[in-house]
Amino acid sequence: MDFPQQLIETIQTAQHIAILTGAGISAESGVPTFREAQTGLWAQYDPQELATRYAFQQNPRLVWEWYAWRRELVSQAKPNPGHLALAELARRVPRLTLITQNVDGLHQQAGSRDVIELHGNIARSKCFDRDHSVVTWEETGKVPPRCPECGSYLRPDVVWFGESLPAEALHTAVTTAKSYDIFFTIGTSAVVEPAASLPITALKNKIPVVEINPQTTPLTSYCDYALSGLAGEILPALLDALEV
Ligand code: OAD
């Protein structure tokens, strides 16, 4: 796989690399993305219509069970060569900030540290009414289970459409934006705000932006480098190219 020489040199000399990932980087680990056709049991539901407070209020059981299915998928998934390449890249450069929209924890499993999770983590739960963080609960057969502290329904500790992002994670992602030497956007359709604005901010600050995605996105034509293909193939090849 060939990469532009200027891209290789920019990475080799970068003091600070920023990377935004989305569901596409976990696709090769078997975790379905959000905007591509769903298969199997849940094919009839649109994830965008299940991932809201309104959906949970209307049908808490349905939403809980959808997340239980995704949690099960995620628990069986293993990091793929794309996740592993990013963990390795972080060991080779002075500073790397990894920002993910994913809730699957696969970057951390691959060895990445200090991952900024913009949309929470599906392995954690909290209660609907008061955000109590809940690690264990009594299985009474009721779905969703109830918060041991206040009795309200439990829900996954992920960000739903219309909800605010974790303030600290967003603050870190935004405030460090000006210090990046290069910004990668990998496996994201680049449409969900505020994550979608991060590469735009980089472009406005004249920071080179690299996209890795087999499809075009609203961002593709603005990127300095659009690498079309699978993250699990392009990222290991890019690591190899850096060594030459
Ligand atoms: P999407 O499902 O919107 O987009 C996945 C992107 O990954 C698409 O552009 C695919 O073309 C690309 N893709 C698929 N396979 C790939 C591969 N092997 N390598 C590289 N790219 C690949 O997922 P996100 O952009 O992550 O939010 O979605 C953003 C947010 O919307 C999610 O975090 C979630 C969702 O609703 C919440 O739940 C709040």
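Predicted model: local features only at pLDDT ≥ 70, side-chain atom pairs only at ≥ 80, totals over all residues.
**Ground rules.** Residues are numbered from 1 along each chain as its sequence is written, and side-chain values use heavy atoms, with hydrogens and water left out. Local features need pLDDT of at least 70 and side-chain atom pairs count only at pLDDT 80 or more, while totals for chains, interfaces and linings use all residues.

**Strand S1.** I looked up S1, residues 17-21 (strands are DSSP runs of E, at least two residues, and helices are runs of H or I, at least four, numbered from the N terminus). 5 of its 5 residues are buried, so S1 is largely enclosed by the rest of the structure (buried is under 20% relative accessible area, exposed over 50%, partly exposed in between, with a 1.4 Å probe and protein chains only). Ile17, Ile19 and Thr21 point one way, Ala18 and Leu20 the other. S1 runs parallel to S2 (residues 96-100), with 5 bridges, and Ile19 sits opposite Leu98 there. S1 is also parallel to S7 (residues 182-186), again through 5 bridges, where Thr21 partners Ile186.

**Salt bridges.** I found 10 in the structure (a Lys or Arg side-chain nitrogen within 4 Å of an Asp or Glu carboxyl oxygen). Arg91 pairs with Glu88 at 3.2 Å, both in helix H6 (residues 81-92) and 3 residues apart. Arg91 is exposed at 55%; Glu88 is partly exposed at 25%.

Next I checked Asp157 and Lys126, which meet at 3.7 Å. This pair links distant parts of the chain, Asp157 in S6 and Lys126 in S4, 31 residues apart. Asp157 is buried at 16%, and Lys126 is buried at 15%. Shared partners join Glu117, Arg124, Lys126, Asp131 and Asp157 into one network.

Key. Pairing = 2+ DSSP bridges.
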